[in-house]
Amino acid sequence: MKPQDIVAGKSSLWIFGYGSLVWKPDFKYKRSKIGYIKGYKRRFWHGDNFHRGDDEMPGRVVTLIEEDDACTWGVAFEVTGSQVEESLKYLNVREAVRGGYLTRVVEFFPRGTNQSPVQALVYIATPDNPIYLGPASTEEIAAQIGVCKGKSGHNIEYLLRLAEFMRVSCPDVDDPHLFSIEAAVHTTMRPILLAG
């Protein structure tokens, strides 16, 4: 499904972010809400050969994997008027062209009482993508994240900022995949930092 098909005739759109968009949307929006989507789990299974790695050493970034009982927390951004076209144009390059992500529409549930769910656009990488890396052990993912760097910075920064977002914005939510990789990176990097 193409974003332009989703927004045809709409004057506003919600866009759900669960990776770098939670701390760096880089597009104008009317408002944002923290919340979650159901039926997906966040995993560091997608390769990144632009923002957080390169062709020789692709970084690892998150994508969503379908799982009935799962939910993923993040931020939804409402864009309105000219922001709709501007944000989709920007995200098409950032997420689709450079990242290889596809778009889907999901139901987003804002945190808090008396909040109605909204339909939101989300970018997801699938195993069909040539830079999709798939599952690996926590230690393997951490080791790869520890050494990769791309045009947007070190892969470690991506991991740490996402973990920080979850701790600060969603303190009651456990994300064992994210936090176990963060702990493994700290364990791996500690001797290097102490030696320096």
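Let me begin with the second largest pocket of this predicted model, where strand 2, strand 3 and helix 5, which spans 176–195, each supply at least two residues of the lining. Of these contributions, the largest share comes from strand 3, with 4 residues. In total, 13 residues line the second largest pocket, and those that lie nearest its centre are Arg43, Cys71, Asp174, Asp175 and Pro176. Sorted by class, this lining has 6 nonpolar, 2 polar and 5 charged residues, and the volume of the second largest pocket comes to about 160 Å³.

Turning now to the largest pocket, the space in it is about 360 Å³, and its lining is made up of 24 residues, with Ser20, His51, Arg94, Glu95 and Tyr158 lying nearest the centre. The elements that give two or more residues to this lining are strand 1 (12–17), strand 2 (31–48), strand 3 (59–80) and helix 2 (82–97). By class, the lining of the largest pocket has 10 nonpolar, 8 polar and 6 charged residues.

As for its surroundings, once the neighbours within four places in sequence are left aside, Asn129 is in contact with His46, Gly99, Gly100 and Tyr101.

Terms used:
Residues numbered from 1 in each chain as written. Predicted model: local features only at pLDDT ≥ 70, side-chain atom pairs only at ≥ 80, totals over all residues. Heavy atoms only, no water. Contact = heavy atoms within 4.5 Å. 1 Å grid on protein atoms, 1.4 Å probe; cavity = no way out; pocket = protein on both sides within 12 Å on 5 of 7 lines; lining within 4 Å. Points joined across faces, edges and corners; volume = space filled by probe spheres on them. Nonpolar A, V, L, I, M, F, W, Y, C, P; charged D, E, K, R; others polar.
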